Amino acid sequence: MLVFAASDKGGTGRSVTSANLAYRRALDGDDVCYLDFDFGSPTAPAVFDIPDVLQEAEGRGLHSYLKGETGEPLRVDIWARTEHYVLRDKPDRSGRLVLLPGDRSGGEFVTDTENLHRCVDLILRLKREFNVIVVDLSAGRSYAMDLALAASAQEELRRIKARWLIYHRWTRQHVMAAAELVGGKQGIVSAGEEMGHDRQALLGSIRFVRAAVPDLESSLWSQMPPAQSAWMRQYNKQLETIAADLGIGRSRVLGSVPLEPVLQLREQLITDQDVLDSRIANIETWQAMGVLAERLADDKYWGQL
């Protein structure tokens, strides 16, 4: 399975949620590879708690590989290299969890025939090793997204099951931006069709992930003044209407991640120890990540629209 993680804006939780999805799929036994295509801002090493990798990847990362400056991109075994005390003890029956980092100073670059072919070749090789390949893209209609769209339109990759996850925060501006990113004149669907994708098949492979969604029934919000609580509930209904009108209502949503104080302060993996032992994270967040990971692999949540 090939999973592209996209967002129109930064700060949507795209990278941290995608890393958590990769982690949860690995816990479920899948061999998972995470490609940091967030050109210009490769942050995955920090989420996986392997900070030294950014320096190590200079001249050996995905940027260097795609530009033909190195024959093979750096691979990092997250279980073996992480500084996270929980992840260092690889759970029984879990799958591989491997990161291909980007170069810290790589930056964006225009897709050409050579780096397109390198991208396709890399994915084909990784497909023989891994059950799930997560590609974390830069925000917006970036060069990284153009490369992903062009590569996945190639005949060799059309046989691979592909998913597109579009992340957005639960605000009017982010909902509108996410809808535009997919359905706008320069959006994913139109651009993908121009590159050779079947329009309906591409639409069927796209689902939305709502991030930082306030759970108004949780204890976190129970102390709000009545007037504020009433306003938030009313506005939440308005947001649902806006999303539905823009074609990204609940039937197009794979899942929602609640507003989580830990993730607001530090982008990290949420482990069961964070919920059950130290109790620094909310169990609702842990459960939401699990639901997303399950639905990602469940075909009944995907298909033609």
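Predicted model: local features only at pLDDT ≥ 70, side-chain atom pairs only at ≥ 80, totals over all residues.
Ser 152 itself belongs to helix H7. Its relative accessible area is 7%, and because the cut-off for buried is under 20%, Ser 152 counts as buried. Its side chain also makes polar contacts with the backbone. The backbone oxygen of Ala 148 is reached at 2.8 Å, and the backbone oxygen of Leu 149 lies 3.3 Å from a polar atom of the Ser 152 side chain.

In strand E5, the bridge partner of Phe 4 is Val 135. Strand E1, residues 2-7, pairs with E5 in the parallel sense over 4 bridges.

Let me now describe the sheet as a whole. It is an open sheet of 8 strands, in the order E3-E4-E2-E5-E1-E6-E7-E8, with mixed pairing. At the edges are strand E3, residues 76-77, and strand E8, residues 253-258, each of which pairs on one side only.

Why is strand E5 described as largely enclosed by the rest of the structure? The reason is that 6 of the 6 residues of this strand, residues 132-137, are buried. Val 132, Val 134 and Asp 136 point one way from E5, while Ile 133, Val 135 and Leu 137 point the other way, and all are buried.

Strand E2, residues 32-37, runs parallel to E5, and 6 bridges join the two. Within that pairing, Tyr 34 stands opposite Val 134, and Phe 37 stands opposite Leu 137. E2 is likewise largely enclosed by the rest of the structure, because 6 of its 6 residues are buried. From E2, Val 32, Tyr 34 and Asp 36 point one way, and Cys 33, Leu 35 and Phe 37 the other. E2 also runs parallel to E4, joined by 4 bridges, with Leu 100 in E4 as the bridge partner of Leu 35.

In soluble globular proteins, nonpolar side chains tend to be buried together. In this model, the largest nonpolar core has 52 residues, and the members that touch the most others are Leu 35, Phe 37, Leu 137, Trp 164, Ile 166, Ile 188 and Ile 206. Helix H7, residues 143-152, gives the most to this core, with 7 residues. Another core, of 44 residues, lies apart from it and includes Met 1, Tyr 34, Leu 74 and Val 86. As for Ile 206, leaving aside its neighbours within four places in sequence, its contacts are Trp 164, Ile 166, Val 182, Ile 188, Val 189, Arg 252 and Trp 302.

Ser 229, Met 232, Leu 239, Glu 240 and Ala 243 are buried in H11. Seen down the helix axis, the buried residues of H11 fall within an arc of 100 degrees, so they line one face. Their packing partners are helix H8, 172-183, and strand E7, 206-213. On the face turned away from the buried side, H11 carries the exposed residues Pro 226, Ala 227, Trp 231, Lys 237 and Asp 245. Just after H11, Gly 247 takes a positive phi of about 85 degrees.

Finally, is Asn 20 buried or exposed? This residue lies in helix H1, residues 14-27. Asn 20 is buried, with a relative accessible area of 0%. Not counting residues up to four places away in sequence, Asn 20 touches Gln 268, Leu 269, Ile 270 and Met 289.

Definitions and conventions. Residues numbered from 1 in each chain as written. Heavy atoms only, no water. Buried < 20%, exposed > 50% of the residue type's maximum accessible area, 1.4 Å probe, protein only. Pairing = 2+ DSSP bridges. Core = buried A, V, L, I, M, F, W, Y, C linked by side-chain atoms within 4.5 Å. Contact = heavy atoms within 4.5 Å. Polar contact = N/O pair within 3.5 Å; in protein donor to acceptor, adjacent residues only side chain to side chain. Arc of directions from axis to C-beta.
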